[in-house]
Amino acid sequence: MPRKLLLPYKSVFSHFRAPRGLHDSLAMNAARSGYRVFSANSTAACTELAKRITERLGAELGKSVVYQETNGETRVEIKESVRGQDIFIIQTIPRDVNTAVMELLIMAYALKTSCARNIIGVIPYFPYSKQSKMRKRGSIVCKLLASMLAKAGLTHIITMDLHQKEIQGFFSFPVDNLRASPFLLQYIQEEIPDYRNAVIVAKSPDAAKRAQSYAERLRLGLAVIHGEAQCTEQDMDDGRHSPPMVKNATVHPGLELPLMMAKEKPPITVVGDVGGRIAIIVDDIIDDVESFVAAAEILKERGAYKIFVMATHGLLSADAPRLIEESSIDEVVVTNTVPHEVQKLQCPKIKTVDISLILSEAIRRIHNGESMAYLFRNITVDD
């Protein structure tokens, strides 16, 4: 049997010609940016941040449809090709947290099955971040969500001011935890006329490191609120005075545990001088505002003549706008990581700082493979 002649690879295909216009199309695709930005939220208020980011990038928002069916199921339809591209999904978290999570998961999975090269979630406020520690007979829900996002197809996440920085360890892919502190510090310097006469306040010892970082960069004093209001009889049943006294408990004869002394906080005290000063309370999340209102009352009693609250994420749930309006707080400053247009209409004291600049720059750098170190200049671990 005669041996077949094997032609070189080039000569085999040399007689094929691309259809007219294909070369031009390939040249256009090569010149394109190779990434798309989508909004994964079905509400108009939550697409505002996505529009700000795309305007800064000089790109168009990806074409997609996200809606809820009559039975409550979430449906996502991608209206353009994403094959081989880097896809950035911008998802802010409104009050309906679980719907927003499902929108993100379903869109990520739709993009994954549409052969997107990389799927990066831009989630300025990461939901369930407060549930990042094991509680009695509970679970670490934040770790569960991280596993779900990885399974859905996400390969990277951009977020801002995680409630606990250790949350990054829950993910099997890279997490860029950006900081809002430069924008809030800039607001203090530009919008508070007499900020040199201010003192940075931590409303609890847990927030002291963040407050210390702000104070050192602004060259201001530091104050810490410690303790709590005297407990009532109702507090005796909430578990803080554990372990409970159990009568007739069966104990092994050879087992003698040390006596467990109940934890008890002292009455509220302010460590630091706030008399005749502007008090600026800093934190990462402001949700239920009762603790902030109580802190403002204490600071007012100690002589502070103006009280500001600065936080990255303004969840402002329940009656927060009304409580702020009726309190001694003069102004609450939050970023637009979470939509709060309705709350601003209810309370004129709420002000917003735009952080779309740093998010758009993070997107550009990740797509181009550039270092992210520039976005963390003068940023400390405690921010």
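I324 is found in helix 9 (residues 320-326), where helices (H or I, at least four residues) and strands (E, at least two) are DSSP runs numbered from the N terminus. This is a predicted model, in which local features need pLDDT of at least 70 and side-chain atom pairs count only at pLDDT 80 or more, while totals for chains, interfaces and linings use all residues. Residues are numbered from 1 along each chain as its sequence is written, and side-chain values use heavy atoms, with hydrogens and water left out.

I324 counts as buried because its relative accessibility is 0%; buried means under 20% relative accessible area, exposed over 50%, and partly exposed in between, with a 1.4 Å probe and protein chains only. Leaving aside residues up to four places away in sequence, I324 touches V289, L316, I329, V332, C347 and K349, contact meaning heavy atoms within 4.5 Å. I324 also lies 8.8 Å from F292, C-alpha to C-alpha, although the two are 32 residues apart in sequence.

Turning to the sheet, seven strands form an open arrangement in the order 10-9-8-11-12-13-14, with mixed pairing; two strands pair if DSSP finds at least two bridges between them. Its edge strands, each pairing on one side only, are strand 10 (269-271) and strand 14 (350-353). Neighbouring strands of this sheet are turned by 25° against each other on average, direction ignored; axes are lines fitted to C-alpha atoms, for helices over the stretch in contact, and angles run from 0 to 180 degrees between N-to-C directions. Within the sheet, strand 12 (residues 306-314) and strand 13 (residues 331-335) pair in the parallel sense over three bridges, and F308 stands opposite E331 in strand 13. Helix 6 (residues 181-191) packs on the sheet, where it touches strand 11 (278-286), strand 12, strand 13 and strand 14, and its direction makes about 155° with that of strand 12. Helix 7 (residues 208-218) also packs on the sheet, touching strand 8 (198-202), strand 9 (221-226) and strand 11, with its direction at about 165° to that of strand 8.

In helix 3, L49, R52, I53, R56 and L57 meet S356, L357, L359, S360, I363 and R364 of helix 11.
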